[in-house]
Amino acid sequence: MRIEAAHMFAAIAIGIGATLVMDSWNVFLKKAVGIPSLNYCLLGRWLLHMPGRFRHASIAAAPRKSKECAAGWLAHYSIGVSLALVFILLISGEWLARPTLMPALLYGIATVTFPFFVMQPALGLGVASAKTPAPMRARLKSLATHTIYGVGLYLCALGGEVLRLVR
């Protein structure tokens, strides 16, 4: 598999944009219905503990690390960009010229496997948030958030296509 430079730059922009769409959704959920988002400082704490420890009983109880919030936010956007690059590699750069919703939506939904089976267990939340006070609510929130990421991939690709058309 190969990705052209123009497609790579487009994927980076789309990944940043889709992550912003996802973050906007999470801000909406917090303000409208009081559902908090993942604390990206804890993501940074997990990453900064990784050289010595991957899995935690509770990442919130792990010792704080210097610059964990910056590391968490940087990782969050880096993951969003990386996932967009993988998407473009899988679907091909042709999709960028004529973006359609369904592949992006399905891919967004598929990306929920990473938090369910890697991040949440490693943070001490159990597989698919099984150890949280409301596992089904946490699962549905993760699924909705990753679905919105997929919608964001499509909207940002569509926005890029619109910009090309008006030039």
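Which residues of helix 1 are buried? In this predicted model, the buried residues of helix 1 are Ala11, Ile14, Gly15, Gly17, Ala18, Thr19, Met22, Asp23, Asn26 and Leu29. Just after helix 1, Gly34 adopts a positive phi of about 75 degrees.

In soluble globular proteins, nonpolar side chains tend to be buried together. The largest nonpolar core of the model contains 25 residues, and those with the most contacts inside it are Trp46, Phe87, Trp95 and Leu153. Two or more residues of this core are given by each of helix 1, helix 2 (40-49), helix 3 (68-91), helix 4 (94-97), helix 5, helix 6 and helix 7. For Trp46, the contacts that remain once neighbours within four places in sequence are left aside are with Phe54, His56, Ile59, Met119, Ala122 and Leu123.

A nonpolar patch also occurs on the surface, where Met102, Leu106, Ile109, Met136, Leu140 and Leu143 together have about 560 Å² of accessible area. Helix 5 and helix 7 (135-166) each supply at least two residues of the nonpolar patch. One of the patch residues, Leu143, lies in helix 7.

In one of them, Glu68 pairs with Arg45, with the closest N and O atoms 2.8 Å apart. Glu68 belongs to helix 3 and Arg45 to helix 2, so the pair ties together parts that are 23 residues apart in sequence. Both Glu68 and Arg45 are buried. A salt bridge is also formed by Arg98 with Glu94, for which the closest N and O atoms are 3.8 Å apart. Arg98 and Glu94 are both exposed.

Positive phi values were also found in residues other than glycine. Lys67, which is not a glycine, has a positive phi of about 65 degrees. Lys67 is located in the loop between helix 2 and helix 3, and is exposed, with a relative accessible area of 64%. Ser129 likewise has a positive phi, near 60 degrees, and is a residue other than glycine. Ser129 is placed in the loop between helix 6 and helix 7; with a relative accessible area of 3%, Ser129 is buried.

The loop between helix 6 and helix 7 also holds Thr132. Thr132 has a relative accessible area of 18% and is therefore buried, the cut-off being under 20%. Neighbours within four places in sequence aside, Thr132 is in contact with Leu125 and Ala138. The C-alpha atoms of Thr132 and Gln120, which are 12 residues apart along the chain, are separated by 9.8 Å.

A further threonine, Thr111, is found in the loop between helix 5 (101-110) and helix 6 (113-123). Thr111 is buried, its relative accessible area being 7%. Beyond its neighbours within four places in sequence, Thr111 is in contact with Leu83, His146 and Tyr149.

Note on methods. Residues numbered from 1 in each chain as written. Predicted model: local features only at pLDDT ≥ 70, side-chain atom pairs only at ≥ 80, totals over all residues. Heavy atoms only, no water. Helix = DSSP H or I, 4+ residues; strand = E, 2+ residues; numbered from the N terminus. Buried < 20%, exposed > 50% of the residue type's maximum accessible area, 1.4 Å probe, protein only. Contact = heavy atoms within 4.5 Å. Patch = residues over 30% accessible without salt bridge, like charges linked within 9 Å, V, L, I, M, F, W, Y side chains within 5 Å. Areas by Shrake-Rupley, 256 points an atom, 1.4 Å probe, with all protein chains shown as cover. Salt bridge = Lys/Arg side-chain N within 4 Å of Asp/Glu carboxyl O. Core = buried A, V, L, I, M, F, W, Y, C linked by side-chain atoms within 4.5 Å.
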